[in-house]
Amino acid sequence: HSEIKPGQTVVEASSGNTGIGLAMVCAAKGYPFVCVMSEAFSVERRKLMRFLGAQVIITPGHLKGTGMVMKAKELADTHGWFLTRQFENEANAWIHEVTTGPEIAEAFSDIRLDYFVCSYGTGG
């Protein structure tokens, strides 16, 4: 794994949530941030990231999430940018297993649930 260098541009593919978080942290720490998003995702999230100082690069909607991940990797490889790799980070699922899951179970400890349905992205 590589380490980020002072002033190095950070790049990530995101539908918005991780991108917004990275935009905030990068703005606070003084790192340039580039978020690669599919055009199919929220315009409001793009605006928020740009407000936070991020550059947002849009990929064609028909390429879906795969297109934005490929473009982020291409940009990192071409420019020597730091790719955060949220889609490869095993800690994303682990932290929810040890925190979010038990929190949900505790919140319903005295209520019988017949079903629990949820969906998620990377969990990042």
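Counting as a disulfide any pair of cysteine sulfur atoms within 2.5 Å, this predicted model contains 0 disulfides. The sulfur of Cys26 lies 10 Å from the closest cysteine sulfur, that of Cys35, which is too far for a bond; Cys35 is accordingly in no disulfide.

Local features are described where pLDDT is at least 70 and side-chain atom pairs where it is 80 or more, whereas totals for chains, interfaces and linings use all residues. Residues are numbered from 1 along each chain as its sequence is written, and side-chain values rest on heavy atoms, without hydrogens or water.

Cys26 is also one of the buried residues of helix α1, together with Thr18, Gly19, Ile20, Leu22 and Ala23; helices here are DSSP runs of H or I with at least four residues, strands are runs of E with at least two, and both are numbered from the N terminus. An α-helix has 3.6 residues a turn, so residues three or four places apart point the same way. The buried residues of α1 pack against β1 (10-13), β2 (33-38) and α2 (43-51), contact meaning heavy atoms within 4.5 Å. The 13 residues of α1 (residues 17-29) should span 18 Å at 1.5 Å a residue, and the end C-alpha atoms, 19 Å apart, agree with this, the expected span being 1.5 Å times one less than the number of residues. Just after α1, Gly30 adopts a positive phi of about 85°.

How values were computed. Buried < 20%, exposed > 50% of the residue type's maximum accessible area, 1.4 Å probe, protein only.
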